[in-house]
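Hi,

Here's the structure I said I'd pass on. Have a look at it first, then read on for what turned up.

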Amino acid sequence: MDHSSAVLGLIVDSRPTGPDRMWLVAVAAALWGTDGLLRQPLARTVPAAAVVLWEHLIIVVVLLPLLPAAVRAFRAASVRDRIALVVIGAGASAVATALFTAAFRIGDPVTPLVLQKLQPLIAILAAAVLLGERFRPAYWLYAVPAIAGAWLMAFPDPLAAKPQEVTAALLAVGAAALWGLGTVLGRMVSARVPSREVTVLRFAIGLPAAALVVAVQGTPMSITFDQFGPLVLLALIPGLLALALYYVGLKATAAGRATLAELAFPATATLIGVGFLGSTLTGTQWLGLAVIAVAVTALGLRERSAHPVVTEAAVRA
């Protein structure tokens with residue numbers, strides 16, 4: 001088995017097995033946090049659509065040995081699952097990443113990364129609509145503080161937000177919404193399509209979608225030799241490698257502890273933004289970061305308790 005198969009072959013089950021690997025989940029989350037270190041400099045010199053296209057191209061080249069099996073799985077899937085896979089690849093992969101990259105271009109390097117932590121809240125709403133899951137009114141006890149925290153985090157002065165700041169925040173939240181939708185659709189499809197094939201198809205379908213965005217916008221795709229190295233690192237480290245390590249760790253980590261370990265993501269993103277990218281946070285932004293972290297962690301722990309917010313009885317395959 002080639003290296004890509006060895007890594008992605010582990011993305012098949014999230015049940016805890018073997019020794020606890022919470023530390024590995026934290027490492028993966030910390031790698032996600034390095035995204036801004038690579039993405040922000042690129043976003044300032046390379047159009048967002050071109051960054052996304054190169055990311056997908058690099059990952060697809062790495063996953064090329066797994067592509068034939070993924071294509072066969074796509075052909076064998078139902079029409080409903082094919083549509084879901086296209087939405088995952090085009091929306092949750094290509095468009096979401098383009099929105100995320102654009103947020104870096106016009107905003108600060110910390111806010112887009114922290115606002116991405118709203119994804120679990122969005123995913124629960126999407127699951128209620130698309131999968132028939134039901135969430136109790138207690139959901140809003142976590143959602144409202146998280147939304148308030150996101151507002152505080154997004155703007156240095158939350159009572160006098162500038163149009164550019166609002167635009168950057170909306171782009172980041174839009175990306176989080178598409179990623180949350182992709183998570184829900186991925187759960188729906190994975191009941192019938194192996195997780196490895198879903199992962200490969202996510203990037204394989206995202207590649208032509210990203211190319212279409214570049215063509216429609218007339219975006220120049222050319223990059224310099226100095227830009228190629230950071231693009232490779234961006235695609236493979238906070239992208240593919242972090243995803244693979246996350247699932248390897250999750251296989252042997254209780255989900256409640258994994259939720260705590262994932263806090264390494266906003267913590268790393270904030271430290272890198274403040275320490276290396278020249279970002280500064282106001283007191284209200286630090287408060288917003290803390291509120292988001294607490295609300296999302298509490299939601300994750302609640303979901304693993306005897307009385308979760310989402311009731312599983314109504315889930316449809």
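This is a predicted model: local features need pLDDT of at least 70, side-chain atom pairs count only at pLDDT 80 or more; totals for chains, interfaces and linings use all residues.

Residues are numbered from 1 along each chain as its sequence is written, and side-chain values use heavy atoms, with hydrogens and water left out.

Back to helix 14: its buried residues are Ala264, Phe265, Pro266, Thr268, Ala269, Thr270, Ile272 and Gly273. (Buried means under 20% relative accessible area, exposed over 50%, and partly exposed in between, with a 1.4 Å probe and protein chains only.)

Next, the cores. A nonpolar core is a set of buried Ala, Val, Leu, Ile, Met, Phe, Trp, Tyr and Cys residues joined through side-chain atoms within 4.5 Å. The largest one has 39 residues, and Leu63 and Val189 touch the most other members. Helices 3 (35–45), 4 (48–62), 5 (67–76), 6 (79–106), 10 (163–189), 11 (195–217) and 12 (225–250) each give two or more residues to this core. There is also a second, separate core of 27 residues, with Val114, Ala146, Ala295 and Val309 among them.

On a 1 Å grid over the protein atoms alone, a cavity is a set of points where a 1.4 Å probe fits but cannot get out; a pocket is an open set with protein on both sides within 12 Å along at least five of seven lines, and lining residues have an atom within 4 Å of a point. Grid points are joined across faces, edges and corners, and a volume is the space filled by probe spheres set on the points.

- The structure holds one cavity of 30 Å³ or more. Val60, Leu63, Leu64, Leu67, Val200, Phe203 and Ala204 line the largest cavity, and helix 11 gives the most, with three residues.
- The second largest pocket has a volume of about 310 Å³. Its lining has 17 residues, and Leu118, Ile147, Ala150, Trp151 and Val173 lie nearest its centre. Helix 9 supplies the largest share of that lining, seven residues.

Last, the rings. Rings of Phe, Tyr and Trp (its six-membered ring) pair if their centres lie within 6.5 Å; planes under 30 degrees apart count as stacked, over 60 as edge-to-face and the rest as tilted. That rule gives three aromatic pairs. Trp54 and Phe228 have ring centres 6.2 Å apart and planes at 80°, so they are edge-to-face. Since Trp54 lies in helix 4 and Phe228 in helix 12, this pair ties together parts that are 174 residues apart in sequence. Trp54 is buried, at 16% relative accessible area, whereas Phe228 is partly exposed at 35%.

Phe100 and Phe104 are also edge-to-face, because their ring centres are 5.2 Å apart and their planes are at 90°. Both are buried, and ring pairs link Phe100, Phe104 and Trp179 into a cluster.

Cheers

How values were computed:
Helices (H or I, at least four residues) and strands (E, at least two) are DSSP runs, numbered from the N terminus.
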